[in-house]
Amino acid sequence: MTTSSSERGVSLGMPELPAPAYPDDVRARLETDAREIIARYPDSRSALLPLLHLVQAEEGHVTRTGMQFCADMLHLTTAEVTAVATFYTMYRRRPSGDYQVGVCTNTLCAVMGGDAIFETLQEHLGVGNGETTDDGKVTLEHIECNAACDFAPVVMVNWEFFDNQSPASAKHLVDDLRAGRPVEPTRGARLCTFKETARILAGFPDERPGAVEASGSAGPASLVGLRLARGEVAPARVVHPRGEAPQEGPPHDPSPTEHLSSHDEPQDTSASDPAHPAGPTAEEGE
C-alpha cells in the first residue's frame with residue numbers, strides 16, 4: 001500500500017513564478033550602468049560581483065528581479081547568479097535598513113565586550129540578528145572579524161569603523177542614526193546610506209565632497225609596527241627578565257587621531273589610569 005504526498009504531510013507546492021521585470025525607465029538606467037561595469041573586464045562574467053552591488057543599490061537588497069537582470073546582462077543562468085548572491089554576506093536577500101549596524105562578535109571583540117554590545121543593542125532596538133527596526137533605519141547583525149582587532153570591540157555602520165565601543169556608546173550611536181543626527185566614523189569618510197554605499201562598491205565614484213580624501217587607511221594603532229620599522233617612533237617598552245634593571249622609554253604621547261569619533265568609547269585601563277581598580281601597570285617581577 002502506498003500513501004500520497006498529502007497523506008505524508010509533504011507539500012509539493014506550486015512552481016515559483018518568474019521574477020517581475022524592472023520598470024522600463026529603471027531597466028534602461030541600470031543597463032547603462034551595467035554596460036559601463038562590464039566594459040571593465042575582459043571576461044564579462046567577472047562583472048557579476050559589482051553588478052550585484054549595482055542592483056542592491058537600486059532596492060536596498062538583491063531581489064529576484066535584480067538577479068534576473070544580472071543573468072540577462074551577463075548571459076548567465078539565474079542559478080549561477082543565485083549561487084554567488086547567496087554565498088557572500090555583503091549581499092542582502094531581504095529588505096534592510098538605511099544603516100547596517102554590524103557588531104563584531106569574533107574572538108577578540110567578543111572577549112573585549114562585543115557579545116555584551118550585541119545583546120544590549122538587540123534589547124535596545126527590539127530586533128534580532130539580521131532584523132530591521134520598524135522605522136526602517138537600522139538593521140542589526142553580528143559580523144565576523146573586520147581586521148581591526150587593535151581597536152576591539154568594533155562596530156561597523158555601512159562598513160565604516162566605530163572603534164573601542166561599549167554598550168553605552170553603541171546605544172548612543174544607533175539612537176543618533178535613527179534620529180538623523182550627524183554621525184562621524186572613527187576612520188574614513190562620513191556615513192552615507194546603505195544604497196549609496198552599494199553603488200560605491202559597484203565601482204562608481206564617491207561624489208561626496210572630501211570623501212575620498214577622508215578615506216585614509218588603517219588607524220594609528222595598526223600602523224605602529226610599520227612606523228617602528230621606519231624608525232619614526234621610539235621602540236616599545238621591553239619587560240626585562242627578573243634581576244635586570246628596567247629601562248623606561250619616553251612616555252606615550254597620544255595622537256589626536258586615536259579617537260576621531262565622538263561615538264568612540266574612551267578606554268580607561270590600568271596602564272593609563274593609576275586610580276584604575278586594577279592598579280597601575282608594573283614591570284614583571286615588581
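**Terms and model**

I count two strands as paired if DSSP finds at least two bridges between them. Helices (H or I, at least four residues) and strands (E, at least two) are DSSP runs, and I number them from the N terminus. The model I looked at is predicted, so I take local features only at pLDDT of at least 70 and side-chain atom pairs only at pLDDT 80 or more, while totals for chains, interfaces and linings use all residues. I number residues from 1 along each chain as its sequence is written, and side-chain values use heavy atoms, with hydrogens and water left out.

**The sheet**

I looked up the strand order and found an open sheet of five strands, S2-S3-S1-S4-S5, with mixed pairing. The edge strands are S2 (131–132) and S5 (160–162), each of which pairs on one side only. I noted that helix H5 (residues 107–125) packs on the sheet, where H5 touches S1, S3 (138–143) and S4. I take contact to mean heavy atoms within 4.5 Å. The direction of H5 makes about 140 degrees with that of S1; axes are lines fitted to C-alpha atoms, for helices over the stretch in contact, and angles run from 0 to 180 degrees between N-to-C directions.

**Strand S1 and its neighbours**

How do S1 and S3 run, and how many bridges join them? They run parallel, and I count six bridges between them. Cys104 stands opposite Ile143 in S3.

On the S4 side, three bridges join S1 (residues 99–104) to S4 (residues 155–157), and these two strands run antiparallel. Gly102 has Met156 of S4 as its bridge partner, and Val101 has Val157.

I then checked burial, where buried means under 20% relative accessible area, exposed over 50%, and partly exposed in between (1.4 Å probe, protein chains only). Six of the six residues of S1 are buried, so S1 is largely enclosed by the rest of the structure. I find both faces covered: Tyr99, Val101 and Val103 are buried on one side, and Gln100, Gly102 and Cys104 on the other.

**His142 in S3**

I looked up His142, which has its place in strand S3. Is His142 buried or partly exposed? I list His142 as partly exposed because its relative accessibility is 35%. Leaving out residues up to four places away in sequence, I find that His142 touches Val103, Thr105, Phe118 and Asn129. His142 and Phe118 lie 24 residues apart in sequence, with their C-alpha atoms 7.0 Å apart in space.

**Backbone entries**

For reference, most residues other than glycine have a negative phi, and most peptide bonds are trans. I found a cis peptide bond between Ala152 and Pro153, with omega about -5 degrees. Pro153 is in the loop between S3 and S4.

Trp159 is not a glycine, yet I read a positive phi of about 75 degrees for it. Trp159 sits in the loop between S4 and S5. I list Trp159 as partly exposed because its relative accessibility is 24%.

I turned to H3 next. Eight of the 11 residues of H3 are buried, so I note H3 as largely enclosed by the rest of the structure. The buried residues include Thr65, Met67, Phe69 and Leu74. What covers the buried residues of H3 includes H1 (24–38), H2 and H4.

H3 is followed by His75, whose phi is positive, near 55 degrees. I place His75 in the loop between H3 (64–74) and H4 (78–85). His75 counts as exposed because its relative accessibility is 71%.

Which residues form a nonpolar patch on the surface? I found Leu49, Phe87 and Tyr88, with about 320 Å² of accessible area together. Areas come from the Shrake-Rupley method with a 1.4 Å probe, and for residues only the protein chains shown count as cover. Patches are made of residues with over 30% relative accessible area and no salt bridge, with like charges joined within 9 Å and nonpolar side chains (Val, Leu, Ile, Met, Phe, Trp, Tyr) within 5 Å. A salt bridge is a side-chain nitrogen of Lys or Arg within 4 Å of a carboxyl oxygen of Asp or Glu. Leu49 is found in H2 (residues 48–59), and I list Leu49 as partly exposed because its relative accessibility is 35%.

My last entry is Gly203, in the loop between H7 (194–201) and H8 (211–215). Gly203 counts as partly exposed because its relative accessibility is 39%. Gly203 and Ile37 are 166 residues apart along the chain, and I find their C-alpha atoms separated by 7.5 Å.
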